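Subject: A structure to look at

Hello,

I am passing a structure on to you, together with some notes on what turned up in it. Please have a look at it first and then read on.

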Amino acid sequence: MTPRHRRLLDHIRQHGDTSVEELARILGVTTQTIRRDIRELEDERLLARYHGGVSIPSTVENIDYDQRRVMDSDAKRRIGQLAAAQVENDRSLIINIGTTTEEVSKALLRHRGLRVVTNNLNVASILSNCDDAEVIVAGGVVRKRDRGIVGEATIDFMRQFKVDIGIIGVSGIEADGTLLDYDYREVRVTQTIMEQSRQVWLVADHTKFGRHALVRLGSIAQVDKFFTDLPVPAEAAEAFEKAGVEVVVAGAEPAP
């Protein structure tokens with residue numbers, strides 16, 4: 001994804017439906033260039049095109065998991081490393097489904113004395129390579145598309161634990177601090193994780209702001225720390241300040 005692609009997506013997420021002409025004016029390129037960008041982003045299911053303009057994608061279906069893994073992968077990696085650096089040794093964790101939570105797991109591999117409960121088979125696979133971590137996998141229904149485990153059995157399983165830190169991801173964050181996701185079954189599991197955690201840490205890159213999804217998960221007021229890659233947008237800053245959540249920003253890495 002090019003920097004122009006990112007600017008284009010950020011504008012549409014913030015302002016909604018936008019014409020080709022307006023995008024060309026804002027980005028300082030020709031309409032032909034914008035149309036080519038739109039075609040490329042539509043192929044990746046990052047935009048929805050209509051006659052004369054573009055809008056955000058569906059609010060009822062998430063982007064394919066493999067595509068999400070490579071989207072803003074550098075930012076997710078930096079967020080994962082930053083969050084993992086604040087996890088002390090000898091701590092208990094619950095880690096849920098998500099591409100950014102997987103990056104946290106990769107960055108935890110050198111920790112000692114961890115006890116990790118997860119409903120994410122990808123996280124379980126990653127942390128099984130940690131020499132000094134006990135990994136406990138939830139029961140339930142495995143979703144083939146992302147190897148996440150959901151369902152009533154998963155909720156009952158999570159209620160057996162009370163952990164130091166719950167590390168969660170989300171699909172969208174509204175300007176008022178509402179947290180959103182696409183699958184109500186996954187949302188119910190994440191809500192249980194939040195209830196069973198002494199601290200809740202949210203890991204999400206800046207593209208989640210203004211991204212609309214179908215199901216309300218909760219509020220930023222339920223989160224203790226928020227790890228991201230850019231400062232909170234101005235339209236959401238008041239909600240974050242009111243919630244008293246600690247925002248930790250993973251800055252860009254210095255050029256070599």
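In strand β3, Val54 is the bridge partner of Thr18. Strand β3 covers residues 53-55, and two bridges join β1 to β3, the two running antiparallel. They belong to an open sheet of three strands with the order β1-β3-β2 and antiparallel pairing. At its edges stand β1 (18-19) and β2 (48-50), each with a single partner strand, so one side of each is left without a neighbour in the sheet. Two strands count as paired here if DSSP finds at least two bridges between them. Strands (E, at least two residues) and helices (H or I, at least four) are DSSP runs, numbered from the N terminus.

A word on what you are looking at: this is a predicted model, in which local features need pLDDT of at least 70 and side-chain atom pairs count only at pLDDT 80 or more, while totals for chains, interfaces and linings use all residues. Residues are numbered from 1 along each chain as its sequence is written, and side-chain values use heavy atoms, with hydrogens and water left out.

Now the overall picture. The protein chain has ten helices and 15 strands. Of its 256 residues, 52% count as buried; buried means under 20% relative accessible area, exposed over 50%, and partly exposed in between (1.4 Å probe, protein chains only). The accessible surface of the chain comes to about 12,100 Å², and 47% of that belongs to carbon and sulfur atoms; these areas come from the Shrake-Rupley method with a 1.4 Å probe, and for residues only the protein chains shown count as cover. Among contacts (heavy atoms within 4.5 Å) with a separation of 6 or more, 59% are between residues 24 or more positions apart.

Next, strand β4 (residues 92-95). Both of its faces are covered: Ser92 and Ile94 on one side, and Leu93 and Ile95 on the other, are all buried. β4 pairs with β5 in the parallel sense over four bridges, and the bridge partner of Ser92 in β5 is Arg115.

By salt bridge I mean a side-chain nitrogen of Lys or Arg within 4 Å of a carboxyl oxygen of Asp or Glu. How many salt bridges does a search of the whole structure find? The count is 14. In one of these, Glu134 pairs with Arg115, their closest N and O atoms being 3.9 Å apart. That pair links distant parts of the chain, since Glu134 sits in strand β6 (residues 133-137) and Arg115 in strand β5 (residues 114-118), 19 residues apart. Glu134 is partly exposed, at 40% relative accessible area, and Arg115 is partly exposed too, at 38%.

Another salt bridge joins the side chains of Arg91 and Glu88, at 2.4 Å from N to O. Arg91 is partly exposed with a relative accessible area of 29%, and Glu88 is partly exposed with 47%.

Asp183 and Arg185 form a further salt bridge, at 3.1 Å from N to O. Is Asp183 buried or exposed? Asp183 is buried, with a relative accessible area of 9%, whereas Arg185 counts as partly exposed at 34%. Both take part in a network of salt bridges that links Arg143, Asp146, Asp183, Arg185 and Glu186.

There is another open sheet of three strands, with the order β10-β11-β13 and antiparallel pairing. Its edge strands are β10 and β13 (215-219), each of which pairs on one side only. Two bridges join β10 to β11 (residues 178-181), and Gly172 has Leu180 as its bridge partner in β11.

After α10 comes Gly244, with a positive phi near 75 degrees.

Best wishes
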